[in-house]
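Here is a short briefing to read alongside the structure. Keep the 3D view open as you go.

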Amino acid sequence: MPQPSPDTVSQPSCAREPSHAPEGARAVFGNGTAHSRDQHRCLAAAYDPVTLPRLAAAGVGPGRRCLEVGAGGGSIARWLANRVAPGGSVLATDLDPRDLVPGPGLEVAALDVTRDPLPEGAYDLVVARLVLQHVPTRDTVLRKLARALKPGGLLQIDEIDASYEPPLLTPDPRAEALYVRFLEAKTAALRAAGGDPCWARKVPAAMRAAGLTDLDVHLHIGVRHAQDPGLGLQLNHTRNLRDRLKEQGVTDDDLDRVRELMRDPSFRAASSVFYSVQGRRPAEERP
């Protein structure tokens, strides 16, 4: 991987429009592998402490009917199933639901949210975490999710803005440049698959355009270090996205060195900005 000079180190940019995924493109993150299970574990450890209190504060309780899109390993869906009992239900969906386990009040189904229909006016709560940024038709899908809400129902979309996640403490300028190049390659790989790693900042406006009201925006940023599950997620991506990263010019030697850097107890970096955005379908809608 070419090493930029220290004073040319930059952050992944949101200036470019995301690419459109080629026809028949494979999902960026597949399920049913050791990498996927590790990713789900890191995601839950890093972001459940933000996602779940937001849902609790919104008043999710017994008897509610809930839908989660892109449920991954199911940590949100399991929490919801406990929360809405007795009398409630949760439908946890994923393009590939093999890592999801049904249980009391928790149903699992395969769903391609870009193509498969959803019932309109059916759910008290719809949740999508770290899903829509990977979907090229994300604004259309968001409107579909909004229509799936009952009047007064809540949509919560949690997404990452990857444009700001700079290294803060590294052993030397070359290590800093290596980490930034890894971030740039990952952003480029996601864009090449039709994703928008910076879409999180557009979520509030997109939800308003979809007709949702009572918009509530919460931002979270942390510090990445060797014991941080958010950095564990980055380590996972060095393996989970290996082929895509190599398409962006990253070598296996580069990946070995960036893993070593992220395991360094002295390493520190800012996390990406995590957006948690809530909006409600109006109780009374204009004809």
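The model is predicted. Its largest nonpolar core has 30 residues. A search of the whole structure finds 17 salt bridges.

**Nonpolar cores**
- In soluble globular proteins, nonpolar side chains tend to be buried together.
- Within the largest core, the residues with the most contacts are L132, L142, L145, L155, I157 and M207.
- Two or more residues come from each of β1 (65–69), β4 (123–129), α3 (138–147), β5 (149–161), α5 (203–209) and β10 (273–280).
- Helix α3 gives the most to this core, with four residues.
- L145 is in contact with V69, V113, L118, V126, A128, L132 and L155, leaving aside its neighbours within four places in sequence.
- Another core lies apart from the largest one. This core has 20 residues, among them F182, L235, L241 and M262.

- H134 sits in the loop between β4 and α3.
- H134 is partly exposed, at 23% relative accessible area. The cut-off for buried is under 20%, so H134 does not count as buried.
- Leaving aside neighbours within four places in sequence, H134 is in contact with V28, F29, L190 and G195.
- G194 is 60 residues from H134 along the chain, yet their C-alpha atoms are separated by 6.6 Å.

**Salt bridge within a helix**
- Side chains of opposite charge can pair when their charged atoms come close.
- D38 forms a salt bridge with R41, with the closest N and O atoms 2.5 Å apart.
- Both D38 and R41 lie in helix α1 (residues 34–57). They are three residues apart, about one turn of the helix.
- D38 is partly exposed at 25% relative accessibility, whereas R41 is exposed at 53%.

**Salt bridge between elements**
- R147 and E120 meet through their side chains in a salt bridge, 3.7 Å from N to O.
- R147 lies in helix α3 and E120 in the loop between β3 (106–110) and β4, so the pair ties together parts that are 27 residues apart in sequence.
- R147 is partly exposed, with a relative accessible area of 39%. E120 is exposed, at 57%.

**Salt-bridge network**
- The side chains of D252 and K246 form a salt bridge at 3.3 Å, N to O.
- D252 is partly exposed at 32% relative accessibility, and K246 is partly exposed at 35%.
- Through salt bridges that share partners, R242, D243, K246 and D252 are joined into one network.

Note on methods:
Residues are numbered from 1 along each chain as its sequence is written. This is a predicted model: local features need pLDDT of at least 70, side-chain atom pairs count only at pLDDT 80 or more; totals for chains, interfaces and linings use all residues. Side-chain values use heavy atoms; hydrogens and water are left out. A nonpolar core is a set of buried Ala, Val, Leu, Ile, Met, Phe, Trp, Tyr and Cys residues joined through side-chain atoms within 4.5 Å. Buried means under 20% relative accessible area, exposed over 50%, partly exposed in between (1.4 Å probe, protein chains only). Contact means heavy atoms within 4.5 Å. A salt bridge is a side-chain nitrogen of Lys or Arg within 4 Å of a carboxyl oxygen of Asp or Glu.
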